[in-house]
Amino acid sequence: MQMAVSWQLSGSYFENCNCDVVCPCLLSTNAQLTSTPTRGVCDVGLVFHIDKGNYGDVRLDNLSVAMVAHAPGPMADGNWTAAAYIDDRADDGQAEALGAIFTGAAGGPMAVLAPMIGTNLGARKVPISYRIEGKRRSAEIAGIMHMAVEPLPTMREDGQMWAATGHPVNPDWLALAMGSEGSTFSDHGMSWDNSRRNGHYAPINWSGQQ
């Protein structure tokens, strides 16, 4: 009998989609993910950085993962086309663990989103540069992705607005943000510029068992 593998990770994430601010897929009078994206379709990138984590005995510290998806209509209708990029510093065991976590196969938050993917374009190892500078988050995959978000303007003293939206990545704390100028993606026949479009960032603290 195979023993279950427990995993946990903590770190941060950000995302940038093509909706106007604030994205109705998450915040509207309708059930979450059932509203039509403001441009009819959703083109979104999400980037994760693990400060500290493990999958069983496999350490996942200081590794990053990026995911992109295109949804042809309301996100809850599914039929997403999705691709992933795994930090090229990950060895085979680490890449396998990250694949299990970020496809949702190992449970955790991504298991909520995985059933909506109709076309999986697979994962590729690439160098991923992930940076946090103040409240600004950015990531670079040379020739593929340059994405950054910054907080929406606010009169709050801490310079950021946040909400407990129920977003699977962090249900209790999600900053409301926008894509910085030059937030672009191009690969797998998909291409977009989400500058000044909707964005979010949050700390992440996940765990699960497979």
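## Exercises on a predicted model

Asp 187 is buried, since its relative accessible area is 16%. Keep in mind that you're working with a predicted model here.

**Exercise 1. Which side chains make polar contacts with the side chain of Asp 187?**

Step 1: Find the residue. Asp 187 sits in strand E12, which covers residues 184–187.

Step 2: Check the burial call. Buried means under 20% relative accessible area, and Asp 187 comes in at 16%, so it counts as buried.

Step 3: List who touches it. Leaving out residues up to four places away in sequence, Asp 187 touches Tyr 85, Arg 124 and Ile 144.

Step 4: Pick out the polar contacts. The side chain of Asp 187 meets the side chain of Tyr 85 at 2.6 Å, and a contact of 2.8 Å links it to the side chain of Arg 124.

**Exercise 2. Is Asn 16 buried or exposed, and which backbone oxygens lie by its side chain?**

Step 1: Asn 16 is part of strand E1.

Step 2: Look at accessibility. Asn 16 has 0% relative accessibility, so it counts as buried.

Step 3: Look around it. Not counting residues up to four places away in sequence, the residues that Asn 16 touches include Asp 43, Met 147, Ser 183 and Arg 197.

Step 4: Find the oxygens. The backbone oxygen of Asn 198 is reached by the side chain of Asn 16 at 2.9 Å. The backbone oxygen of Asn 194 lies 3.3 Å from a polar atom of that side chain.

**Exercise 3. How many aromatic pairs are there, and which parts does the pair of Phe 102 and Trp 206 tie together?**

Step 1: Get the count. There are 9 aromatic pairs.

Step 2: Take one of them. Phe 102 and Trp 206 have ring centres 5.6 Å apart and 50 degrees between their planes, and the pair is tilted.

Step 3: Locate both ends. Phe 102 belongs to helix H1 (residues 92–102) and Trp 206 to strand E14 (residues 198–209), so this pair ties together parts 104 residues apart in sequence.

Step 4: Check burial. Phe 102 is buried at 5% relative accessibility, and Trp 206 is buried at 3%.

Step 5: Trp 173 is partly exposed at 22% relative accessibility, whereas Tyr 201 is buried at 1%.

Step 6: Zoom out. Phe 102 and Trp 206 belong to one aromatic cluster with Tyr 13 and Phe 48.

**Exercise 4. Which residue caps the N-terminal end of H1, and which residues in H1 are buried?**

Step 1: Start at the N-terminal end. Asp 91 is the cap, with a side-chain oxygen 3.1 Å from the backbone nitrogen of Gly 93.

Step 2: Go through the helix. Gln 94, Ala 95, Ala 97, Leu 98, Ala 100, Ile 101 and Phe 102 are buried.

Step 3: Recall a helix rule. An α-helix has 3.6 residues a turn, so residues three or four places apart point the same way.

Step 4: See what follows. After H1 comes Gly 104, with a positive phi near 85 degrees.

**Exercise 5. Where is Leu 27, and which residues form a nonpolar surface patch with about 190 Å² of accessible area?**

Step 1: Leu 27 is in the loop between strand E1 (6–17) and strand E2 (42–55).

Step 2: With 36% relative accessibility, Leu 27 counts as partly exposed.

Step 3: Val 21, Val 22 and Leu 27 make up the patch, and the area of about 190 Å² is for them together.

Technical notes:
Residues numbered from 1 in each chain as written. Predicted model: local features only at pLDDT ≥ 70, side-chain atom pairs only at ≥ 80, totals over all residues. Heavy atoms only, no water. Patch = residues over 30% accessible without salt bridge, like charges linked within 9 Å, V, L, I, M, F, W, Y side chains within 5 Å. Areas by Shrake-Rupley, 256 points an atom, 1.4 Å probe, with all protein chains shown as cover. Salt bridge = Lys/Arg side-chain N within 4 Å of Asp/Glu carboxyl O. Helix = DSSP H or I, 4+ residues; strand = E, 2+ residues; numbered from the N terminus. Buried < 20%, exposed > 50% of the residue type's maximum accessible area, 1.4 Å probe, protein only. Polar contact = N/O pair within 3.5 Å; in protein donor to acceptor, adjacent residues only side chain to side chain. Contact = heavy atoms within 4.5 Å. Phe/Tyr/Trp six-rings, centres within 6.5 Å; stacked < 30°, edge-to-face > 60°.
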